[in-house]
Each structure stands twice: as structure tokens, then as C-alpha cells.
Amino acid sequence: MSNLDGKRLLLGVSGSVAAYKSAILVRLLRQAGAEVQVVLTEGGSRFIGEATLQALSGRPVRSDLWDAAVEAAMGHIELARWADLVLIAPASANLLSALAQGRADDLLTTLCLATRAPVVVAPAMNRAMWEHPATRRNRALLEADGVTFWGPSTGPQACGEEGVGRMEAPEQILERLERHFAPGPLAGLRLLVTAGPTREAVDPVRFIGNRSSGRMGYAVARAARELGAKVTLVSGPVSLPTPEGVERVMVESARQMEGEVLARIEQCDIFVATAAVADYRPREIAPQKIKKGEERMELALVRNPDILAEVASLPDPPFTVGFAAESEALEDHARQKLRNKRLDMIAANLVGPGRGFEEEENSLKILWNGGGVDLPRVRKELLARRLLEIVAERYHEKQKHKAQGA
Ligand code: CTP
């Protein structure tokens, strides 16, 4: 059976010649068992007829925000709530710009503002338009808001040019949707992840930071979402977009990160601490920029809270996973941390030149009480996926033991 069976998809069709592909997409989605409600923009209606989309979707096409009769049957807010996912395919340059601005001057943009469901766009436009700084700006804004981009792909374009800007093939979009709705081993669980570095202010312009890129933590958040979890990411300053379907909270310092984590920890089942939290912060933050003077200058530091240890020692802690970066005696040090911080699991890796923080690849030694497994060096995305699969297994194992003990 398809993962799309019974899923409710709101398909936005905006003004691009690729709108003809939407008809094929609707057909594929219906065959997979999804309910499809098409919303056509004014521009979209110049490229494809309502009658076609209505016949294929089996539902009247919606296009007007002001049609009182249709609104009375299912208003736009109800429609926004109805959807499990909003997919805009094709998404024109104009539509992306309207979404990035948060406009609500037609039905589709209004629905995108009103929905809590994930919003995915499959752009289609001329290569030069896709590469224009304004479109790039809009994309960055939308990604930061949690909108996911599928495509565009490369190839010959309707305008006669060749390049990036084609809407992804309907078959490819269907495949991505199948993956999106695949039930995973973390389905129904809530996961909290910390990621990135922290910044500890010295004065209004300086801080103590570290080289963490946040890639591992973001990959963990994405993988957990893909495996079915509801994910919140508490992130230090990084330049990565919010992973699809993940709630993100940005922080700067260790103490802010601690506050945001503790505010949410009771609602979570699994906590994964990947952040490179500064162990120390300046004892005082100078109110004004510190001027140079003496040959030597000393900065007094004080300890920061250990967020991971704090979470693990709560009276009713979630399943807690820590990370350890070591330059030697990996297993010994990691086992010690596992014990001392009373963690359920630790993922340890060697750091040093060419390893760890700024690299695209990594390897991990995963340890738990009474067991462990080595994950060989692969891209962080794949590594995160394997780690989360093991987390899911160990989590369910622990729940089983708890239930038997009860
Ligand atoms: N951690 C945390 N809060 C801190 C410090 C660390 O939550 N203030 C978490 C990290 O996210 C990571 C793990 O604890 O999951 C790392 O443990 P830590 O003991 O800090 O290990 P190292 O950073 O390797 O430090 P050291 O070896 O210096 O003890």
C-alpha cells in the first residue's frame, strides 16, 4: 500500500508553463490513494483549465478567496487545517516572492499563511529568473521559515534555454511524497535536539565561540523527522536552513540554550545533545567595547551549565543521547561520560586535523550500557540516519524493560 493512502494534499498550481505537469501529478497522487484539493492561482489558470484538474482530482478546483458560496462549504481556514501537506507545483517566481513576503491577497497565499502543515514548493521558471538575486533572497527567506524546495531540475526549458529551472518530474515528486509520509520507527515520538556552537559574549562586539558548523545536529534533526518523530531543534548561530518539518528555536549563549531546552524537556521522549556548548563564559560582559591597553589582558571565565547532564539527572528524564569529541582514548573517555552523566547512549568521535567539526564526513562510536556499535566514516546525513535508527531501537528496548518492570 502507498504511504499516501488517505493523505490529504493541497496542491497549489501557479502561473508557469509547467502547470501541464500538475495534471499528471494529480493523477499519480489519486492513484496512490491521496485526496487532492487543487488550488489554482490566477496565473495558473492561464496555463491549465479548471475542468482538467477537476476531472482528475475528483473535486471542484478552488481559486477564489471571495467566492461566498464555496467558502460557506469549506472556508479557507478549514481548508488550511484539512491539509496534511501543502504542495505548490509549479511554483512561479511571482508566487515565491508573494510567499516570502507573507502576502495573503489570493486563496493560495492565504492558505500558506493559515496552514500548520508542511509547505513544499516545486519551482518552475526561466533559468535567469531562478538565478536572479531577488529569487535567491526569496528562497533563503522561505527556507528559514521552514518551506521546503523540491527542485528545480536542469534541462531544456520551454523558453528555448537550457539550465536550472524545470519543475521536477511528477514521478520524482511522487517518490519524495512517499518518503515524506513513510511511517518510521520514531513515529509518534517527540525529539529535542541541540545543535551548533554557542557564543559567549565578552563585550558588545566580541564573543568566545567555536568551530561547530551545526551540520551533525541538523542532520540528526532531519533524520529524526524522516523517521517519523516530531522534532524541535534548539540551535546556536549557524548558517543552515531549517530542516523540513522541524520546529527551530535560535539561541546564542549556553544559558539561553539551557533555558529553551528546559522549557520543552517535559514534553519530549528523546533528547539528543549535539551542540558544542561552551564550557565556560566570561564572568562579566563588558557593557562597552573593551579598548586595547596593556600588553597582557586576562579574561576571567566561569563554568556554564552542562545542559546534557542536567537533562539526564531530571527525576523523569527522556531517553538521553550525548556526543563526545575526543582526541585520544575514544572508548575509555566516552564510556566515562556515559556513566558520569548517566546517559542512555553516547556517540563519540575522534577530533583533530581533518576530523570532526568542519568536515562533511565523520565516523562514530556509539556506546550504551552493555553494548555498542561502530559506524564507519560516511557523510554526516547518512551517519545521522544510522544513529537515529539505533536510537529508535534502544529507546523501544528501554520502554519494553520499563513496562516489564512495572
Ligand atoms: N554539553 C552540554 N552542555 C554543556 C557542555 C556539553 O549539553 N555545557 C553536551 C554536548 O552537547 C555533548 C556532550 O555534552 O552532547 C559533550 O560532553 P562534554 O563533557 O562537554 O564533552 P566534551 O565537550 O568532549 O568536553 P570535555 O572532554 O572537555 O569534558
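The chain is built from 14 helices and 19 strands, in what is a predicted model. Its C-alpha trace spans about 70 × 65 × 40 Å along the principal axes, and of the 406 residues in the chain, 48% are buried.

**The shell around the ligand**

- The ligand has 14 residues around it, and those that come nearest are Ala273, Ala275, Pro305, Phe323 and Lys337.
- Sorted by class, the shell around the ligand comprises eight nonpolar residues, two polar residues and four charged residues.
- Two elements, the helix α12 (307–312) and the strand β16 (319–326), each supply at least two residues of this shell, and β16 gives the most, with three residues.

**Backbone contacts and burial of the ligand**

- An oxygen atom of the ligand lies 2.6 Å from a backbone N or O atom of Ala275, a residue that also belongs to the group coming nearest to the ligand.
- Pro305, likewise listed in that group, has a backbone N or O atom 2.8 Å from a nitrogen atom of the ligand.
- A polar backbone atom of Ile307 is 3.0 Å from a nitrogen atom of the ligand.
- Taken alone, the ligand exposes 570 Å², and the protein buries 74% of that area.

**Helix α6**

- Helix α6, which covers residues 107–114, is largely enclosed by the rest of the structure, because six of its eight residues are buried.
- The buried residues in α6 are Leu107, Leu108, Thr109, Thr110, Leu111 and Cys112.
- As a general point, an α-helix has 3.6 residues a turn, so residues three or four places apart point the same way.

**Arg296 and its loop**

- Arg296 is placed in the loop between the strands β14 (280–282) and β15 (301–303).
- With a relative accessible area of 63%, Arg296 counts as exposed, because this value is over the 50% cut-off.
- The side chain of Arg296 makes a polar contact, at 2.6 Å, with the side chain of Glu298.
- Arg296 and Arg81 are 215 residues apart along the chain, and their C-alpha atoms are separated by 61 Å.

Note on methods:
Residues numbered from 1 in each chain as written. Predicted model: local features only at pLDDT ≥ 70, side-chain atom pairs only at ≥ 80, totals over all residues. Heavy atoms only, no water. Near = heavy atom within 4 Å. Polar contact = N/O pair within 3.5 Å; in protein donor to acceptor, adjacent residues only side chain to side chain. Areas by Shrake-Rupley, 256 points an atom, 1.4 Å probe, with all protein chains shown as cover. Helix = DSSP H or I, 4+ residues; strand = E, 2+ residues; numbered from the N terminus. Nonpolar A, V, L, I, M, F, W, Y, C, P; charged D, E, K, R; others polar. Buried < 20%, exposed > 50% of the residue type's maximum accessible area, 1.4 Å probe, protein only.
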